[in-house]
Amino acid sequence: MSAIEISIDRIQTEDDWMRDGACKGLTHLFFPTAAERPQARERREAAAKEVCAGCSVQMHCVEFARVHHEYGFWGGESEDERHAAGFRLIAPIGIRARAS
Ligand code: SF4
């Protein structure tokens with residue numbers, strides 16, 4: 001045993017739940033590409049919603065996204081759905097696109 005023992009404990013944070021997300025490696029389903037068309041967005045978000053439906057941390061995720069006004073698809077909820085639920089974004093993509 002060495003004279004000096006170093007113990008490094010990982011600091012627990014409020015977003016540790018993210019490690020258990022079912023969306024690892026699926027970023028392309030949760031965030032739009034540049035100039036994504038509305039039909040492609042619907043298909044992408046439907047696929048993301050299916051992933052979220054089977055995710056063990058969905059409740060943490062939806063709350064986090066609402067509180068932090070996140071962009072993208074989180075916790076089974078789109079930007080539009082968060083916006084409609086009263087968790088406003090400055091410029092949600094879908095609402096902005098429909099307004100123009
Ligand atoms: S609820 Fe959806 S977005 Fe959130 S961690 Fe799970 S799979 Fe990812």
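How many helices and how many strands are there in the chain?

## Overall make-up

The chain holds five helices and zero strands, where helices (H or I, at least four residues) and strands (E, at least two) are DSSP runs numbered from the N terminus. Read from the N terminus on, the order of the elements is α-α-α-α-α. This is a predicted model, in which local features need pLDDT of at least 70 and side-chain atom pairs count only at pLDDT 80 or more, while totals for chains, interfaces and linings use all residues. Residues are numbered from 1 along each chain as its sequence is written.

Of the 100 residues in the chain, 12% are buried; a residue is called buried if 20 or more other C-beta atoms lie within 10 Å of its own, exposed if 12 or fewer, and partly exposed in between, with C-beta atoms placed from the backbone. Two residues are in contact if their C-beta atoms, placed from the backbone, lie within 7 Å. Among contacts between residues at least 6 apart in sequence, 37% join residues that are at least 24 apart.

## The surroundings of the ligand

Around the ligand there are 13 residues, of which Gly21, Cys23, Cys52, Cys55 and Cys61 come nearest; a residue counts as near a molecule or strand if its C-beta atom, placed from the backbone, lies within 6 Å of it. The elements that give two or more residues to this shell are helix 2 (38-53) and helix 3 (58-67).

Sorted by class, the shell has nine nonpolar, four polar and no charged residues. In this sorting, Ala, Val, Leu, Ile, Met, Phe, Trp, Tyr, Cys and Pro count as nonpolar, Asp, Glu, Lys and Arg as charged, and the others, Gly among them, as polar.

## The nonpolar core

The largest nonpolar core has six residues in all, namely Ala48, Cys52, Cys61, Ala65, Phe73 and Trp74; such a core is a set of buried Ala, Val, Leu, Ile, Met, Phe, Trp, Tyr and Cys residues joined through C-beta atoms within 7 Å. At least two residues of this core are supplied by each of helix 2 and helix 3.

Cys61, a member of this core, is also listed with the residues that come nearest to the ligand. If its neighbours within four places in sequence are left aside, Cys61 is in contact with Gly21, Trp74 and Gly75.

Helix 2 has 16 residues, which at 1.5 Å a residue should span 22 Å, and its end C-alpha atoms are 22 Å apart, which agrees; the expected span is 1.5 Å times one less than the number of residues. Which residues of helix 2 are buried? They are Glu45, Ala48 and Cys52. These residues lie on the same side of helix 2 because they cover an arc of only 60° around the axis, the arc being that of the directions from the helix axis to the C-beta atoms. An α-helix has 3.6 residues a turn, so residues three or four places apart point the same way.

The buried residues of helix 2 pack against helix 1 and helix 3, whereas the face turned away from the buried side carries the exposed residues Gln39, Ala40, Glu42, Ala46, Glu50 and Ala53. Ala47 is also found in helix 2, and it counts as partly exposed because it has 15 C-beta neighbours inside 10 Å. From C-alpha to C-alpha, Ala47 and Leu29 are 6.8 Å apart in space, although 18 residues apart in sequence.

The C-alpha atoms of Phe64 and Gly75, eleven residues apart along the chain, are separated by 8.7 Å, while His60 and Asp16, 44 residues apart in sequence, are 9.9 Å apart from C-alpha to C-alpha.

Most residues other than glycine have a negative phi. Ala35, in the loop between helix 1 (27-30) and helix 2, has a positive phi near 60° and is exposed, with 6 other C-beta atoms within 10 Å. His69, placed in the loop between helix 3 and helix 4 (79-84), has a positive phi near 50° and is partly exposed, with 14 other C-beta atoms within 10 Å. Leaving aside its neighbours within four places in sequence, His69 is in contact with Phe87 and Leu89.
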